[in-house]
Amino acid sequence: MTWPSLFRVRFGLWVAGLLLAALAAFGTLVYFSLERGLLQAVDDSLRLSASQTLTAVEYENGRLSLGDSAPPETGVAGLVGRDLTIRVMDLDGRLIQALGEFKGWPVSAASLAAIALEQPWFETITDAPEHTPVRFYSVPIIQQGQLVGAIQIALNLGDVQFTLRRLLQALLLGGPVLVVLAALGGYALAARALSPIDHITRTVRHIADGSDLSARLNLPVVNDEVGRLAATFDQMLARLDGAFRRERQFTADASHELRTPLAAMQAILSVIRTEPRTAADYAQALADLNEETDRLTGLVEDLLSLARRDGPDAHLTEPVDIADLLTDITSSLEPLAEAKGLALTCTAPANLCLLGDRDQLIRLFVNLVDNAIKYTDQGSVSVAASVEAAQIVVVVADTGIGIPPEHQPHLFDRFYRVDAARSARGAGLGLAIAHMIAETHHGQITVTSQVGRGACFRVELPRWMPPPTPP
Amino acid sequence: MRVLIVEDEPHIAAYIKRGLEEQGYAVDCAATGREALEWATAVAFDLIVLDVLLPEGDGLSVCRTLRARRLRTPLLMLTARDGVDDRVAGLDAGADDYLVKPFALKELLARLRALLRRGADAPKSPVLAYADLTLDTATHRVARGDRPIALTAKEFAVLECLLREPGRVFTRTSIAEHVWNYSVFNQSNVVDVYIRNLRRKIDDASPLKLLQTVRGAGYRLWLETDDDLA
């Protein structure tokens, strides 16, 4: 049996159990309070009858008798007509006069003892288990301050017992039916409440089995607990799906980029080795191979430095003077700019520092300036640093071909190329690495560009103020 | 056999070209999708080797465009993408075969030979034969009966061209088109030189002359006795 149906059964049983307990408590309460109420009513009626009877008792010459002065409907005969038994007896319990169904029943010792103490006495007597019990009420007869005898009024408790038995039957028969119905109802309710959960479970299992992250629950939008769970789940799936897609794309791109230089190397080797070659041929082949290994090495290094982003934070403890850094970079890249006839300028105020990893920062700005030179055929490339609030802002601007707006949002993605081809050599990792370095330095990098007018990369990095040196 | 290599990686293009040329193929290179379309519509290539990732129109769209123009040249797609979906996309775009980089030159050559055997009228065996003349396209062995004949790569290519359709008359231009690439093929009297050399190596030592000159038209492989019977 699967988990959800087990839960449904448990829920049904819980409901049934709770109802059973409630019914038992309620039934017991009703039963006993009804019993008490009915007995009370019997006793009240016995007491009333006794007081009526006492008025009819006559005591003459030491003899007790039931006079018959009262009209028949209210007198003793009337009482007997209401199923009452009336007995008059002396102090020893000898019956003097008796009327009614139970007139022949023995007189209990307990009642005699109570009468001797001049106390009224209630008792319930059953002569045989198969017979209904009878309620007896004994009242002492006191004439001129002297105890002379007693009367007993008795009433069959059959009606009371019958009523109570009917109640008990109703409780014992109806209760289980109700409990079973409650259990089934609970099961059905649980099944209904759980059916979206079942759906979620099936979807999750489908995803787990087939790793198809494009599946969605698509439950109708209801703002209840399950609806919110489903919506949250769908959101999580969408994010996972996106992350997986990017990861797959990255893996495909990386393997493509790694394979291309390998393919070139294999092409070179398999052609060169088919037959003996001249020394010049071998030299050329080795030079070509060397180019490809350089390319592969650069690619692997780029990939590794991107992968290190997931590792521990770079040690951002070295104070780096931004003017020094930018001047170094521009002067070392000057020959590249000069070869294309570009003016490369650098302006940076002195004493502008940040805490960071110098090697990584060099890489960041070399990537930007190198790109700017690569994509600019005439005009200039300018590097300018300034301060805005607590940020150092470095702007690398060129007058090159620019970046079409549709490419700008993806420019910092790994392996993203504006032109599908490698017209300019490089795997499309340079800007991704620059972005990663800016992020690890708690900064950011943004781009603005107009096609044909040039591109402008803006790097913001937190400024660091050296502690004031003692005078 | 004339091959067009479409590949933007300069080393890969250069070395495949060299490897194929050493096997007697005439090779032209294109580095972009646009160049590939220009070449393929201007020249009747026997084979096209096409990279997928290209500037100015990727390989898949080049392939689709060529097939839409009813160009039926056998086409082998070459790419570093090895996913099943990538291969399916390549074949569905109209490629006849698909080779994943990096690859061994030997495999590329074998696949190209297989593609040449695939046409409706193409000989199904790697060994082409006419009368007692045999030519093994895989090992490059040529023989008249039991007598092996040593040929240069170009002589081999000319003979292979004629042997693919024995009896058909090839003009100098059509032979040149299949055997030389763009840089030399306009000198059609070069063909005559190779035919003369071939005739010396194949026919001189044998009473049955196979290489026939059809005056005013070109050359063909033909048993002169067949003419007598006709």
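Author: Helices (H or I, at least four residues) and strands (E, at least two) are here DSSP runs, numbered from the N terminus, and the model to which they belong is a predicted one.

Reader: Where is the place of Pro102(B)?
Author: Lys101(B) and Pro102(B) are joined by a cis peptide bond, with omega about -5°. In terms of the elements of chain B, the place of Pro102(B) is in the loop between strand E5 (97–100) and H5.

Reader: Which element gives the most to the side of chain B that touches chain A?
Author: The contact draws 20 residues from chain A and 22 residues from chain B. On the side of chain B, the elements giving two or more residues are helix H5 (105–116) and helix H1 (10–22). The element that gives the most, with 7 residues, is H1(B).

Reader: Is Ala131(B) buried, partly exposed or exposed?
Author: Ala131(B), in the loop between strand E6 (127–130) and strand E7 (133–136) of chain B, has a positive phi near 50° although it is a residue other than glycine. A residue counts as buried at 20 or more other C-beta atoms within 10 Å and as exposed at 12 or fewer. Because Ala131(B) has 16 such atoms, it is partly exposed.

Reader: In E14(A), what is the bridge partner of Gln450(A)?
Author: Strand E13 (residues 444–450) and strand E14 (residues 454–462) of chain A run antiparallel and are joined by 7 bridges. Their hairpin has 3 residues between the strands, and Gly452(A) takes a positive phi near 85° there. The partner of Gln450(A) in E14(A) is Gly454(A).

Terms used. Residues numbered from 1 in each chain as written. Chains lettered and ligands numbered in written order. Predicted model: local features only at pLDDT ≥ 70, side-chain atom pairs only at ≥ 80, totals over all residues. Contact = placed C-beta atoms within 7 Å. Pairing = 2+ DSSP bridges.
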